[in-house]
Structures are given as C-alpha cells and as structure tokens.
Amino acid sequence: MVRYALCVAVIMMYGARPAFAQEAPPRIGPFALDVHGVVPRFGDDPQLAASRGLSQAELPGSGLGLSAAAHVYLPKIAGITVGLGGEVIIGRSGASPDTSGSTTPTLRSVTETFKEISPQLSLNFGNGHGWSYLSAGIGRAMWSVIPEGKSPLPADEEVLRVINYGGGARWFAKKHLAFSLDVRLYEIAEGTPQLSTFGSPRTVLLVIGAGISVK
C-alpha cells in the first residue's frame with residue numbers, strides 16, 4: 001500500500017508540467033484552497049474489531065468523505081517553493097452486512113468514521129500553471145466504529161496523534177481554477193486500552209482524494 005501511494009505521488013510530481021511556453025510562467029500560489037472528495041481505505045483489522053466488541057466481518061470497509069485544505073506559498077528557493085497550511089478531513093463508511101447464507105446471522109450494521117485536522121508543510125515543484133507537491137503534517141484525529149443503535153465507547157471519542165504524508169498535483173485549466181489530486185497516508189497512533197478491551201491498533205490509513213483547487 002505504501003509503495004503504491006509513493007508511486008502515484010512520483011507520477012503526479014512529473015505529470016504537473018507547465019502548459020504554456022511562450023512567456024515566463026507565473027509563480028506558484030501565492031495561496032491555494034482545495035476541496036476534495038476522498039476515499040478512505042478502511043481495513044478489517046481484527047484488533048480494531050476486538051477494541052469495539054465487534055466481529056471482524058462487521059467492519060464496513062472503504063468509505064467516502066470530504067477534505068478541505070488551505071496553503072500559502074513562500075518565494076521559490078533553488079527551484080522549490082515551500083508551502084505552509086493545514087487540512088481537515090472526514091471519511092465515513094457504513095454498510096449492512098449481507099447475512100444470506102452466513103453462519104453468523106446476527107451481524108450488525110456498523111458506521112466507521114475518521115476525522116482529522118493538522119497543519120502541513122509542503123515542497124512544491126512547477127509554476128502557477130500547474131504544480132506537484134510532497135507534503136506532511138502532524139495533527140489529531142478521532143476514529144470511531146459504532147454499531148447501529150449503540151452509544152460511542154471511550155475508544156470512539158479518544159483523540160489520537162496522527163502523522164500524514166503524501167503528494168499530489170494541481171492542473172490549472174483556467175487562471176484561478178484547477179483540477180487537483182492527492183494521495184495520502186495517515187499513521188494513526190495506538191489507542192489506550194479500555195478496561196478489558198484492546199485500544200485501537202496503530203494503523204496506516206490510505207486516503208485518495210480528487211477535486212478542485214482555487215488560487
């Protein structure tokens with residue numbers, strides 16, 4: 001999964017090339033706002049299920065969500081533009097298990113939610129017509145896994161440290177509007193054990209996002 005994300009980031013880095021060669025291209029930025037639809041690739045870790053008193057088959061898998069980010073850009077140094085900013089993201093998955101022919105007909109519907117906020121530092125390559133980037137940040141997240149009709153457990157409301165890193169690109173078809181893509185990994189810290197149950201496991205969550213950018 002990590003290799004896949006890094007390969008995509010490298011491809012995007014070299015794919016965001018200037019579209020205009022007749023005149024000196026504009027600089028990156030000076031700011032950018034991103035809004036993306038995202039696909040969080042939730043897994044089926046048995047320790048996660050055990051931390052919520054669930055069976056592994058009840059975990060709902062990949063979901064959908066939204067992210068928003070804002071960045072400002074410093075003057076270019078040695079061909080690289082440094083960006084400072086931050087992001088917020090929410091991803092959710094929920095499904096009713098198919099119990100037809102199952103030996104465990106009491107599987108419950110479960111909603112899994114990931115919320116995160118963090119500052120970010122980015123290294124940007126290209127110019128104002130289109131640029132790619134590598135970025136990273138350290139923030140806080142909440143990771144809840146709640147069966148239908150049940151109240152959240154302490155593990156669902158615990159604030160966890162998360163490190164995110166990845167890359168993406170912005171392609172400006174118009175002066176101020178671009179299509180943008182981001183591939184990011186979130187290293188979620190292990191949760192605190194609660195009474196007789198495990199805490200949330202240390203996890204690397206892959207999130208793929210696409211949408212628009214405005215500068």
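Author: Before we count anything, a residue is called buried when its relative accessible area is under 20%. Please also keep in mind that this is a predicted model.

Reader: With that in hand, what share of the residues of the protein count as buried?

Author: The cut-off for being buried is a relative accessible area under 20%. Applied to the 215 residues of the protein, the share that counts as buried is 44%.

Reader: Which pattern does the protein follow when it is read along the sequence?

Author: The secondary structure comes to three helices and eight strands. Read along the sequence, these elements of the protein follow the pattern α-β-α-β-β-β-β-α-β-β-β.

Reader: Is Ser67 buried or exposed?

Author: Ser67 has its place in strand β2, which covers residues 64–73. Leaving aside residues up to four places away in sequence, Ser67 touches Asp34, Val35, His36, Val38, Val88 and Ile89. Because its relative accessibility is 12%, and the cut-off is under 20%, Ser67 counts as buried.

Reader: How far apart are the C-alpha atoms of Gly29 and Trp131?

Author: Gly29 lies in the loop between α1 (2–15) and β1 (31–40), and at 10% relative accessibility Gly29 counts as buried. Not counting residues up to four places away in sequence, Gly29 touches Tyr73, Trp131 and Lys215. Although Gly29 and Trp131 are 102 residues apart along the chain, their C-alpha atoms are separated by 9.6 Å.

Definitions and conventions
Residues numbered from 1 in each chain as written. Predicted model: local features only at pLDDT ≥ 70, side-chain atom pairs only at ≥ 80, totals over all residues. Heavy atoms only, no water. Helix = DSSP H or I, 4+ residues; strand = E, 2+ residues; numbered from the N terminus. Buried < 20%, exposed > 50% of the residue type's maximum accessible area, 1.4 Å probe, protein only. Contact = heavy atoms within 4.5 Å.
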